[in-house]
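This report concerns a single protein model and describes how selected parts of it pack against one another. The sequence and structure are shown first.

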Amino acid sequence: MTVNRRISIAPMMDWTDRHDRYFLRLISKHALLYTEMVTTGAIIHGDAHRHLRYHDAEHPIALQLGGSNPDDLARACDIANGYDYDEINLNCGCPSDRVQNGAFGACLMATPDIVANCVRAMIAASDAPVTVKNRIGIDDQEDYPSLKRFVETVADAGCKTFIVHARKAWLNGLSPKENREIPPLKYDLVYQLKQELPELEIIINGGIKTLDETESHLAHVDGVMIGREAYQNPYVLADVDARFYGDDATALTRQQVVEAMLPYIDAHLEEPNAMLGHVTRHMLGLFQGLRGAKQWRRYISENAHRKGADANIVREALAIVSSMADDIETEALSA
């Protein structure tokens with residue numbers, strides 16, 4: 001199975017759920033999408049279907065797992081085989097207290113041998129390729145030597161793809177939010193990793209906001225993972241397919257994206273306990289930077305959680321935006 005990781009969207013807790021991924025897939029047909037991190041316990045002991053289900057339109061899609069027990073990770077991979085994911089990724093980069101208490105996430109960078117054992121077990125159990133997402137280091141680890149030692153150890157276990165967040169994670173003293181902003185970005189370390197280990201596929205992540213930046217990184221590494229920018233300003237992905245995959249099909253306009261979401265919203269609202277806001281919260285940034293963006297966000301935010309709210313709320317919000325700009329897409333091009 002070959003996965004094109006040239007452009008991917010980062011796994012983000014509370015953000016990249018199945019509704020967000022369906023929405024993003026309307027904007028880019030080719031970018032690789034990642035689930036939120038799902039713990040092995042949630043799959044083995046919880047409602048696996050709730051955590052693993054997705055819409056077929058989301059392909060290519062990768063499942064990110066959180067865990068540090070090889071047997072549990074293998075079992076989770078075996079269950080995930082029934083869902084036909086295109087990739088299984090092991091989280092070695094999340095710095096949250098909850099993850100640390102479970103002895104996985106970024107703290108695993110201190111124990112590359114354990115990660116190697118995990119990866120070995122996952123590869124043996126998984127029908128899909130197994131990858132690792134990690135930081136450049138944690139706490140007081142020396143920068144490049146520790147990173148290279150970690151990657152080489154895990155690569156020896158069979159992992160050939162590493163997604164590297166180009167910041168250290170400070171496990172004590174910084175919150176997860178601060179860990180995404182305060183430690184300095186050191187892209188050069190990721191470039192060096194690819195230069196010295198050319199046989200590995202190296203994907204860079206961290207602080208990347210524009211497609212021009214993306215193109216610059218691709219001169220040094222195999223792929224780029226975009227995080228918060230893809231969530232807060234999702235239409236940044238509209239040029240991805242043409243620019244990085246050679247797909248000359250015309251991207252959907254923002255209005256067409258909204259219209260394509262309406263049947264999906266109707267189907268979602270047929271499910272038990274479903275609410276409009278489960279879907280629309282991911283759509284708030286669609287008109288980012290355009291006239292009417294504030295009104296779009298406000299109207300949906302104020303109305304989506306009302307009892308009986310349905311797709312008409314989205315239609316009404318779109319009408320407000322359209323009334324403020326005769327041609328919102330023309331305005332976007334001239335912005």
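## Helix packing and domain contact

Helix H6 passes helix H7 in a right-handed crossing. The model is a predicted one. H6 spans residues 112-125 and H7 spans residues 143-155; the two pack at an angle of about 30°, and their axes are 8 Å apart. Because angles under 35 degrees count as roughly parallel, H6 is roughly parallel to H7.

| Helix | Residues in the contact |
|---|---|
| H6 | Pro 112, Asp 113, Val 115, Ala 116, Val 119 |
| H7 | Phe 150, Thr 153, Val 154 |

By class, the contact of H6 with H7 comprises six nonpolar residues, one polar residue and one charged residue.

At the level of domains, the assignment for the protein gives domain 1 as 7-245 and domain 2 as 254-333. A distance of 29 Å separates the C-alpha centres of domain 1 and domain 2. To their contact, domain 1 contributes 17 residues and domain 2 contributes 16 residues.

How much area do domain 1 and domain 2 bury between them? The buried area is about 1500 Å², with 58% of it on carbon and sulfur atoms. On the side of domain 1, His 19, Phe 23 and Tyr 235 supply 42% of the area that this domain buries against domain 2, more than any other three residues.

Terms used: Residues numbered from 1 in each chain as written. Predicted model: local features only at pLDDT ≥ 70, side-chain atom pairs only at ≥ 80, totals over all residues. Heavy atoms only, no water. Axes fitted to C-alpha atoms, helices over the stretch in contact; angles between N-to-C directions. Helix = DSSP H or I, 4+ residues; strand = E, 2+ residues; numbered from the N terminus. Parallel < 35°, antiparallel > 145°, perpendicular 65-115°, else oblique. Left-handed = near helix turned anticlockwise from the far one by under 90°. Contact = heavy atoms within 4.5 Å. Nonpolar A, V, L, I, M, F, W, Y, C, P; charged D, E, K, R; others polar. Domains from an automatic or database assignment. Buried area = accessible area lost by both parts, 1.4 Å probe.
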